[in-house]
Amino acid sequence: MIMNDHTQIDEHRDDEGAKTGMWIFIFTELLLFGGLFIVYSVYRYLNPMAFHMAAEELDIFIGTANTVILLVSSMTIAMAITSIQLKRKRLTLILMGITVLLALLFLVNKYFEWTGKISHGIFPGSEILHQSSQGEILFFGLYYAMTGLHALHIIVGVTFIGYVMWLVKTDDVKYDDYVILENSALYWHLVDLIWIFLFPLFYLIT
Amino acid sequence: MENGQHAHIVKYKTFVVVLIVLLVFTFSSVGITQIDLGVYSVTAALIFAVLKSILVLMYFMHLKFDKKVYALMTAGIILLLMIVILVTFLDYLYR
């Protein structure tokens with residue numbers, strides 16, 4: 001073991017630093033979305049009736065389904081860390097695979113939700129929105145911008161987790177060296193965390 | 001350096017329990033906002049969202065088991081956000 005430790009000194013590695021870096025990145029993301037939430041709340045405060053009317057247009061069922069999907073996927077990626085610590089590579093890959101599949105399912109739902117809205121003529125710059133009140137234009141503008149930015153994070157998260165799956169497969173990530181898996185999981189939980197607030201603000205509060 | 005040798009291993013069961021609580025909170029927030037409570041439905045929905053995010057941060061994101069410095073930094077950022085929200089609304093409410 002001592003010999004081993006000796007040879008590992010060259011392999012520059014700082015798990016604590018990697019994780020701290022990820023957290024600091026997550027903080028910048030929280031501030032980014034926090035800023036958008038402030039914009040949303042102020043416009044809602046200034047246009048309460050229009051926001052009320054516009055929010056009724058959103059489908060609570062799709063919103064709830066996507067919330068459940070993200071919560072379950074958050075659990076599976078959290079479990080993937082436990083299973084890599086327990087040296088169960090196959091289970092780790094299965095759990096990460098489920099996370100990726102659920103993320104894709106989320107995007108499919110989002111696709112149907114958006115195309116549904118667009119086919120009803122509700123999208124930025126559409127005829128129908130031009131005839132609506134200022135508040136409704138703001139609501140749907142924020143809806144597309146914020147859920148769109150969130151969906152972009154989902155795509156980045158899926159790519160990240162997919163890449164780490166490859167590393168697990170090739171044993172570059174294993175039971176004693178898995179900080180990148182932890183970081184991809186942290187990123188995925190951030191995506192979940194943002195949705196936890198997007199969901200009530202856009203779908204529930206009408 | 002830390003090689004994860006003495007890393008805390010969270011049980012699968014813990015995650016399952018956390019997920020169940022998260023789902024209960026989700027359906028409760030959907031249920032409570034269907035009843036017309038006026039301003040309180042916003043408050044109720046946000047309280048559930050805050051409770052859910054605390055669970056995600058503490059358990060899924062390992063803040064409960066990691067070094068305390070991460071939890072402290074996270075608390076600091078949340079405090080900063082809340083101050084900014086407070087100041088913004090003090091402006092809009094008392095113009």
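A salt bridge here is a side-chain nitrogen of Lys or Arg within 4 Å of a carboxyl oxygen of Asp or Glu. With that in hand, let us walk through this predicted model, starting where its two chains meet. Between chain A and chain B the count of salt bridges is two. In one of them, A:Glu16 pairs with B:Lys67, and their closest N and O atoms are 3.6 Å apart. On the side of chain A that touches chain B, the elements giving two or more residues are α2 (15–46), α4 (60–85) and α8 (179–204) of chain A. Of these, α2(A) gives the most, with 15 residues.

Now take in the whole meeting place of the chains. It draws 49 residues from chain A and 47 residues from chain B. The size of an interface is often given as the accessible area lost when the parts come together. For chain A and chain B, about 4300 Å² is buried between them, and 76% of that is on carbon and sulfur atoms. Polar contacts are found here too: six residue pairs link chain A and chain B in this way, counting pairs with both residues at pLDDT 80 or more.

You will find B:Lys52 in helix α2 of chain B, which covers residues 39–60. Which residues does B:Lys52 touch, leaving aside those up to four places away in sequence? From chain A come A:Thr67, A:Leu71 and A:Ile196, while chain B supplies B:Leu22, B:Phe25 and B:Thr26. B:Lys52 is buried, yet has no salt bridge.

Staying with chain B, we can look at how the chain is divided. Domain 1 of chain B runs over 1–64 and domain 2 over 67–95. The centres of these two domains, taken over C-alpha atoms, are separated by 20 Å. Four residues of domain 1 of chain B are in contact with six residues of domain 2 of chain B. Together the two domains of chain B bury about 310 Å² between them, with 64% of it on carbon and sulfur atoms. How many salt bridges are there between domain 1 and domain 2 of chain B? The count is zero. Residue pairs in polar contact between these domains, with both residues at pLDDT 80 or more, also come to zero.

Our last two stops are in chain A. A:Ala18 sits in helix α2 of chain A. Is A:Ala18 buried or partly exposed? Its relative accessible area is 31%, so A:Ala18 is partly exposed. Setting aside residues up to four places away in sequence, A:Ala18 touches A:Val179 and A:Asn183. A:Ala18 and A:Val179 are 161 residues apart along the chain, but 7.3 Å separates their C-alpha atoms.

A:Lys117 belongs to helix α5 of chain A, residues 89–119. With a relative accessible area of 11%, A:Lys117 falls under the 20% limit and is therefore buried. Not counting residues up to four places away in sequence, A:Lys117 touches A:Glu57, A:Leu58, A:Ile122, A:Phe140, A:Tyr143 and A:Tyr144. A:Tyr175 is 58 residues from A:Lys117 along the chain, and the C-alpha atoms of the two are separated by 46 Å.

Technical notes. Residues numbered from 1 in each chain as written. Chains lettered and ligands numbered in written order. Predicted model: local features only at pLDDT ≥ 70, side-chain atom pairs only at ≥ 80, totals over all residues. Heavy atoms only, no water. Helix = DSSP H or I, 4+ residues; strand = E, 2+ residues; numbered from the N terminus. Buried < 20%, exposed > 50% of the residue type's maximum accessible area, 1.4 Å probe, protein only. Lys, Arg positive; Asp, Glu negative; His and termini not counted. Contact = heavy atoms within 4.5 Å. Domains from an automatic or database assignment. Buried area = accessible area lost by both parts, 1.4 Å probe. Polar contact = N/O pair within 3.5 Å; in protein donor to acceptor, adjacent residues only side chain to side chain.
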